[in-house]
Amino acid sequence: MQDDDLVEQIKCGNEKAAEELIRRYYLPVLRYCKRHCPSREKAEDLTQETFLKLFQNLHTYRGKKKFQAYLYTIARHLCIDESRKVRFYPLENEEEPQCECQGIRQIEDNMELGRLFRPLTWEQREAVLLRYGEQLTFREIAEVMGCNMRTAQSRVRNALKIMRKEWENER
Amino acid sequence: MRDRELKTFLRRSLRQEACVDPSRLEETVWRCIKSLREQKTQEEELRLGFWGYLSEVFRFDGIPILGLQAVSLLLVCLFLWSFADGPENLPGCMPLFVLAFLPVVFRGQYYGMSEMEAATRTSGAQMMLARLILAGGADLLCITGLLGVSASLHGLGKGLGRMLLYCVVPYLTCMVALLRMTRWNKRGGIWGSIAVLLGFCVFWGSLAKAVPWLYETSAAGIWVVAAVLFSLFFAREICYIAKMGKEGKLYGTIV
């Protein structure tokens, strides 16, 4: 069933459709939030808040196959709000425990990714994340980031250029 | 690194499956469904349509508007009966009907309650539009009554069209002037409007004496043109108020 059909059913009060929609997008939203906050716990909180906000404002959503963009916009705003809050770091080193399912290769990939992402601007990083991480179209990325499609395209293109250079320098 | 390799790497590393904590997922589902149920139980408050709103305004302003118009009609009829000797005296009486509308328009300003009016759910422009409709309806009744009285005094059916123009043109000029005064001169709107309307009273009253040929049958064209012209001005002002109302803006009487 398409996202918009599920949303229509939810608007009519169908709880099963609500559950299906949450299960469909819980993991992608969590993954997106995890890239924006250091703590796994916080990412889970933000994911939950994203869905709560979605359900509270679902009556304002006007279809036209833009559900993903709508959902990621909520998540993005929450992540931005979170990044603005004053942080209190605990005295103990609260390293995030690695998940059991996370293999060596995954850790290596993450380190490599961190190195490639370092020279990128925040917008470029966000655009790459939405494009390759969440598989959004450029139109959807533009909607989430509040820019036009050409800007979104050029952000991704420039980011790829910088990352390619970074990779070659390392070699 | 070639482009394709870089993209493949990005896809692989960015789409690494995050571990989902089943208890958090269930908690999210439960909280969202709870929120959905709460929304369902909260009954939506229906928005009041324009006619519903008009009836609400009528509850508060209808009686003063109709009452004051009735008093004006009575005074004008008495005047026509006692002193006036022809339909050319009709224009001088018309500003009185608009004058009778002032207490309702400027009530908020007079009692220092404009801010309360501005804080209501409807905009000042919507309120003004509703009052204008009510006053317009009352004036229509008054003009019909006045024409009836005038026709009985000066002969039934004789020059009824001209008498209608003598009522409509001054009425429209006064309404346009009132609306302009309300819009432009917000602080001194009430006193400015009274002065302008009394000025119109004198102007239309003395016009019959100063320019008698204007009330001859051959000058009916001028009256028709004036009626069309002022109708256009009036319609433009009403459209402006309606537009302001839609945008939820204020119109006039805030101090």
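## How to read the model

Because the model is predicted, local features are reported only at a pLDDT of at least 70 and side-chain atom pairs only at pLDDT 80 or more, whereas totals for chains, interfaces and linings use all residues. Residues are numbered from 1 along each chain as its sequence is written, chains are lettered from A and ligands numbered from 1 in the order in which they are written, and side-chain values use heavy atoms, with hydrogens and water left out.

The pLDDT is the predictor's confidence in each residue, from 0 to 100. Chain B has an average pLDDT of 80, and 86% of its residues score at least 70. Within chain B, confidence is lowest in helix 7 (residues 114-118), where the mean is 67, and highest in helix 11 (residues 220-246), where the mean is 87.

## The build of chain A

Chain A contains eight helices and zero strands, where helices (H or I, at least four residues) and strands (E, at least two) are DSSP runs numbered from the N terminus. Of the 171 residues of chain A, 43% count as buried; here buried means under 20% relative accessible area, exposed means over 50%, and partly exposed lies in between (1.4 Å probe, protein chains only). Contact means heavy atoms within 4.5 Å, and among the contacts in chain A between residues at least 6 apart in sequence, 61% join residues at least 24 apart.

## Where the chains meet

In the interface, 44 residues of chain A are in contact with 31 residues of chain B. The two chains bury about 3,800 Å² between them, with 60% of it on carbon and sulfur atoms; buried area is the accessible area (1.4 Å probe) that two parts lose on being put together, summed over both. In chain A, the residues that lose the most area to chain B are A:Glu15, A:Gln48 and A:Tyr132, which together make up 17% of what that side buries.

Four salt bridges are counted between chain A and chain B, a salt bridge being a side-chain nitrogen of Lys or Arg within 4 Å of a carboxyl oxygen of Asp or Glu. One of them joins A:Arg23 to B:Glu26, with the closest N and O atoms 2.9 Å apart. On the side of chain A that touches chain B, helix 2 of chain A gives the most, with 10 residues.

B:Thr28 is found in helix 2 (residues 22-41) of chain B, and it counts as buried because its relative accessible area is 0%. Leaving aside its neighbours within four places in sequence, B:Thr28 is in contact with A:Ile22, A:Tyr26, A:Gln48 and A:Phe51.

B:Gln69 lies in helix 3 (residues 50-82) of chain B, and it is buried because its relative accessibility is 1%. The side chain of B:Gln69 makes a polar contact with the side chain of B:Asp139 at 3.1 Å, and it also reaches the backbone oxygen of B:Phe97 at 3.3 Å. A polar contact is a pair of N or O atoms within 3.5 Å; within protein, one must be able to donate a hydrogen and the other to accept it, and residues adjacent in sequence count only if both atoms are side-chain atoms. Beyond neighbours within four places in sequence, the contacts of B:Gln69 include B:Ala100, B:Phe101, B:Ala138 and B:Cys142.
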